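Trainee: I have a model to go through. Can we take it piece by piece?

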Amino acid sequence: MYDLIKNIMNIERESGLNNNYAKLIHNSLNLPKYYPPPILEKIIEQIPKKKKNQYELYYIETPTGHKIELLKVKKGNKEFIMHNKMYEKLNTLSDYFKDILGQDIFSYITSLYRSPEEQEQLYNRWLNKDPDIVHKPSEAWHSKHNYGAAVDLAISRIPKEKFPAVVEQMKRIGFKWGGDFGDPVHFELPELNKWIEKIKPKRSKNWHSTK
Ligand SMILES: [Zn+2]
């Protein structure tokens with residue numbers, strides 16, 4: 001748990017430090033916010049079929065009574081929890097990251113699934129004016145991370161001259177980049193928005209009452 005909090009702190013710190021940098025990249029790139037879906041579908045077809053023993057299933061229940069099925073994947077000595085769409089996308093990026101950066105994308109991940117409890121802790125720390133929390137976090141159940149649909153990367157480890165190409169590649173396969181709204185470490189999957197809207201509680205207060 002402590003490690004998790006520490007991770008979240010690092011992410012927040014990182015997103016603060018890289019804000020101007022992100023703006024610079026964003027302004028100079030002139031990338032579209034989204035790429036059209038056909039490119040995305042083509043890439044997904046190339047993903048090798050998942051082997052059963054590559055992951056475990058992980059279930060969570062929302063305050064609205066919806067059961068969410070996520071994947072728990074082991075990579076090296078780390079475990080990651082995420083939506084299966086996210087897993088497909090990250091696998092798609094695996095070779096690209098190895099080619100351009102020499103390391104798998106999984107080694108750059110600082111946050112993927114975040115439980116509503118962790119989200120609330122983060123939010124409360126911001127309310128209590130914790131200087132390490134640079135941006136206002138979403139409330140519990142209101143972050144894409146709470147559905148395994150967002151990923152944060154250690155972008156400070158990516159050489160600045162290579163970062164724009166990485167962002168472009170991630171956008172091409174369907175990621176929305178947080179740098180377009182002030183959070184450059186964050187990448188999320190807009191194709192899961194409809195699903196999240198359907199199952200997420202209207203107000204985080206609902207979550208407290210069922211606890
Ligand atoms: Zn994030």
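Predicted model: local features only at pLDDT ≥ 70, side-chain atom pairs only at ≥ 80, totals over all residues.

Trainee: How far apart are the end C-alpha atoms of helix H4?

Mentor: H4 covers residues 84–101, which is 18 residues.

Trainee: At which residue does H4 bend, and by about how much?

Mentor: Compare the axis fitted to the seven residues ending at a position with the axis fitted to the seven starting there. In H4 the bend is at Ser94, by about 35°.

Trainee: Which strands stand at the edges of the open sheet?

Mentor: The sheet has 4 strands in the order E4-E5-E7-E6, with antiparallel pairing. An edge strand here has a single partner, so one of its sides is left without a neighbour in the sheet. The edge strands are E4 (109–111) and E6 (176–177).

Trainee: What is the bridge partner of Asp152 in E7?

Mentor: Strands E5 (residues 150–153) and E7 (residues 186–188) run antiparallel. They are joined by 3 bridges. In E7, Asp152 pairs with His186.

Trainee: Is Tyr55 buried, exposed or partly exposed?

Mentor: Tyr55 lies in strand E1 (residues 55–61). It has 19 other C-beta atoms within 10 Å. Buried needs 20 or more, and exposed needs 12 or fewer. Tyr55 is therefore partly exposed.

Trainee: Leaving aside neighbours within four places in sequence, which residues is Tyr55 in contact with?

Mentor: Contact requires C-beta atoms within 7 Å. With those sequence neighbours left out, the contacts of Tyr55 are Leu71, Lys72 and Val73.

Technical notes. Residues numbered from 1 in each chain as written. Helix = DSSP H or I, 4+ residues; strand = E, 2+ residues; numbered from the N terminus. Expected span 1.5 Å × (residues − 1). Pairing = 2+ DSSP bridges. Contact = placed C-beta atoms within 7 Å.
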